[in-house]
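Here are my notes for someone opening this one up for the first time. Have a look around before reading on.

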Amino acid sequence: MKFLTFLGKRLALAIPTILIVTVLVFLLQQLLPGDPALAMAGDEVDEQSLAELRIKYGLDQPIVIQYLRWLGGALVGDLGYSIRNSVGVTDLVLTKLGVTMQLAVASMAIALLIGVPLGVISAAKRGSIADFCANAFALSGISVPSFWLGIVLILIFSVNLRIFPASGYVPFSEDPWRCIMGFVLPSFVLGTGIAGVLMRHTRSAMLQSLGTDYVRTARAKGLREQRVVLRHALRNALIPVVTLGAIEFGQLLAGAVLTEQIFSIPGFGKLLVDGVLYRDYAVVQGLVLVAAILFILASLIADILYFLINPRLRS
Amino acid sequence: MTRGLRLLALALMMGWAGTALAQGTLRIGINEDPDALDPVTNRLASGRQPLTAICDKLFDVNTDLEVVPQLAESYEIAPDGMSLIVKLRPGVRFHDGEPLTAEAVRFVTDRNINTPGSLRRSELTAVERVEVVDPLTVRFVLKRPQGYLLVINLAERAGMMVSPKAAQALGDRFGTQPVCAGPYRFVERVPQGRIVVERFADYWDRSAVGPDRIEYLPITDSTVRIAALRSGEIQIAERLTPTDLPQLEADPNVRVVSTADLGYHIIRFNTNNGPRSQVLRDVRVRRAIEAAVDRQAMVTALFEDKYLVGNQFVNPSSPYYDTTHPVPARDVALAQRLLREAGTPNLTFTLLVPAERERQEAAQFIQAMLAEAGITMNIETQDNATMLNNGRRGQFEALFTFWSGRAHPDGNVFAHFTCQGPQNDSRYCNEELDAILTRARETTSEEERRTLYRRANGILVDDKPGMILWHRRTFTGLSTRVSGFVPHPDSTIRVRGLSLQQ
């Protein structure tokens, strides 16, 4: 019951948060210099055609009207029209949602599978060679730019070894093998970046956990070290890691701009960048809205995980 | 263990099956995702790639920039120049089975002119109305005697014939499923993913062969585009840059073809657009800037000497180039003298440059060269849309832009340098030049046309509303599996005649 009220309160807060975000983004876009009609039509066009374009896309209306029109549409699921792509934004976002989700989940899986165990090992064997290597790995994961790593991996694995495709996305339904192979390199690039951060957080949370009284008690009771670390210390260390993981996952859902650009993956990131560069206001609004919703969902999942991990929250 | 092996074998087989199905498919890597595939609104150069495969035009232009028939067989300009007769090819069908008739041409031209926000309108300004003479003959009645120019424009997007039935049914959404009369029909498009087209069985040219399917894949980073070409993912990679070329020379599976581009890179000066034109208004100042620049050194250093230096809106080997105004050599003393005469020995101005590598590097090179003449040029980076806007509103002193180029020289100069030209951000106005360019649009004598454009080039070099720096070459990477590819100066890939070995 307590959990349900908690969840209810979080959801209720989410709505004004999302609204404020959409207003902010709308205003920020208006601040951007540049005329969407001009950005779309280019310099070859006369003033009359530009004026017609503005009327066609409602750009001649006052800002408040434009926002309210958009909001009204969004409430019924119509996120407006993409000037650049000539399709509805809702359709555009839905087609790319699947791709972005797949990339986000794959990257997060790699990040968790590498980052958390490395953090645990490095904390448990603090000061050893294993700790040193794990730290070096984490540092490079955080420092190495994603676009550099991406291109290097493409050169090695696609051009020279011909194991993975260099770029592009093929739907799972069309060619499952190619689809999976196409995700390996980009999710590795994204995943290692996050793994580094996760590893460091896991390590410090674990070190804190391993220094507590109850862990000392467990050891004094004669429990095997592995059981102490995994069954007792890790559970408490996971809470900050879950928080971080949810935030990182939320960020992945907003689209990994550089990685998608390098690997030509049609996800949110590329769409967002093009939307800004071509002043395609509706696309940027729609994406920000969806990303905000997904981010809130991700943190709600994190809250559920806390409940599962930490029995004290359940009482 | 055996279960795992079986699964692995199954996965491998599925992978092989996947590649086998794709053998009749040609994959082309283009440099950005095109905008909507409707000839009325399509603007980006990348849009021309899939559109050329899907939509045939009334005419086409060959690699020597001569007009050749495509959907039309011939044209005739009336003696008084006020009308153009076009005779259509019989037996042409659109992808939906509808026939190409004079009525269809009339419908499409009206659509190009009257659709709100049409980007083709400026290419058809000379057209008063379109008349159907008989099912295969169209007469364009003109407002001004610019028949030849109209023919050239009908060899571009304005001449792409779309099926009237489909256009009426789809309206604004035509760009999502174009229906035309080209060698390939539209299959599907994933925005920013790929555009897929397949062979049209009823194409009018029965002798045309080519791959069964073509996929256009936008890959924005040229390094990745090359990687995809080298790994065999794609078989054609367009728009490679000179710095990309060395890594391809060693690769036996890839070759590079190139041809001179039709466009030019230019630093445009604000000579008369608002208060900021004060800085560079004096022509001596602009001539001083040019005198301090060594174009050849720049092209050699930055572009492996693969681009052409230029100073006019056509490249030096063009028949329209004014040989009495050749590309000048650097003369720092002259620059300093001109600045003293103009009363600004320590000239300072700002150049707007988009965040694009070639222009950024060139701007820095020029900055260093100008500094040696005592000129301080500040570089301000702006994104393209912002710079476009600022250009329009006169919020600049100089901006670094380029024009992709058109087959007819008019397309390279009229909109850019006439008094009312929509792209004349300098607001430069020379009545004599306007008269020459208008006459050049109307004359039917190639001889006169050449004389006129040479004079126009001379005037522009003297008045210098902009400083043209170089002309690019197009570099296209091809897999050795591709044959029949002929590079075209307009950078558009003609898919007819291409074949893909397995």
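The points below go through a sheet, a chain contact and some helices.

1. Before anything else, keep in mind that this is a predicted model.

2. Start with the sheet in chain B. Four strands make an open sheet there, in the order E4-E5-E7-E6, and the pairing is antiparallel. The two edge strands are E4 (72-77) and E6 (127-134) of chain B; each has a single partner strand, so one side of each goes without a neighbour in the sheet. On average, neighbouring strands are turned by 20 degrees against each other, direction ignored.

3. Zoom in on one pair of that sheet. E4(B) and strand E5 (residues 83-88) of chain B run antiparallel and are joined by 5 bridges. If you want a spot to look at, B:Ser74 sits opposite B:Lys87 in E5(B).

4. What lies across the sheet strands E5, E6 and E7 of chain B? That would be helix H3 (residues 102-114) of chain B, and it runs at about 170 degrees to E6(B).

5. Now for the place where the chains touch. Chain A puts 45 residues into the contact and chain B puts in 40 residues. On the side of chain A that touches chain B, the elements giving two or more residues include helix H2 (36-41), helix H5 (89-124) and helix H8 (176-210) of chain A. H7(A) gives the most to this side, with 5 residues. By class, the side of chain A that touches chain B has 22 nonpolar, 11 polar and 12 charged residues.

6. Next, look at how the two ends of the helix list in chain A meet: H1 and H13. Helix H1 (residues 2-31) of chain A packs against helix H13 (residues 281-309) of chain A at an angle of about 155 degrees, with the axes 10 Å apart. Angles over 145 degrees count as roughly antiparallel, and H1(A) and H13(A) are therefore roughly antiparallel to each other. Their crossing is right-handed. Among the residues that meet are A:Phe3, A:Ile18 and A:Phe26 in H1(A), and A:Val288, A:Ile296 and A:Phe307 in H13(A). The residues of this contact split into 15 nonpolar, 3 polar and 2 charged.

7. Last stop: is H12(A) mostly enclosed or open? Of its 10 residues, 7 are buried, so H12(A) is largely enclosed by the rest of the structure. The buried ones include A:Phe268, A:Leu271 and A:Asp274. H5, H11 and H13 of chain A are among what covers the buried residues of H12(A). After H12(A) comes A:Arg279, with a positive phi near 55 degrees.

Conventions. Residues are numbered from 1 along each chain as its sequence is written. Chains are lettered from A and ligands numbered from 1 in the order in which they are written. This is a predicted model: local features need pLDDT of at least 70, side-chain atom pairs count only at pLDDT 80 or more; totals for chains, interfaces and linings use all residues. Two strands pair if DSSP finds at least two bridges between them. Axes are lines fitted to C-alpha atoms, for helices over the stretch in contact, and angles run from 0 to 180 degrees between N-to-C directions. Two residues are in contact if their C-beta atoms, placed from the backbone, lie within 7 Å. Ala, Val, Leu, Ile, Met, Phe, Trp, Tyr, Cys and Pro count as nonpolar, Asp, Glu, Lys and Arg as charged, and the others, Gly among them, as polar. Angles under 35 degrees count as roughly parallel, over 145 as roughly antiparallel, 65 to 115 as roughly perpendicular and the rest as oblique. A crossing is left-handed if the near helix is turned anticlockwise from the far one by less than a right angle, and right-handed if clockwise. A residue is buried if 20 or more other C-beta atoms lie within 10 Å of its own, exposed if 12 or fewer, and partly exposed in between; C-beta atoms are placed from the backbone.
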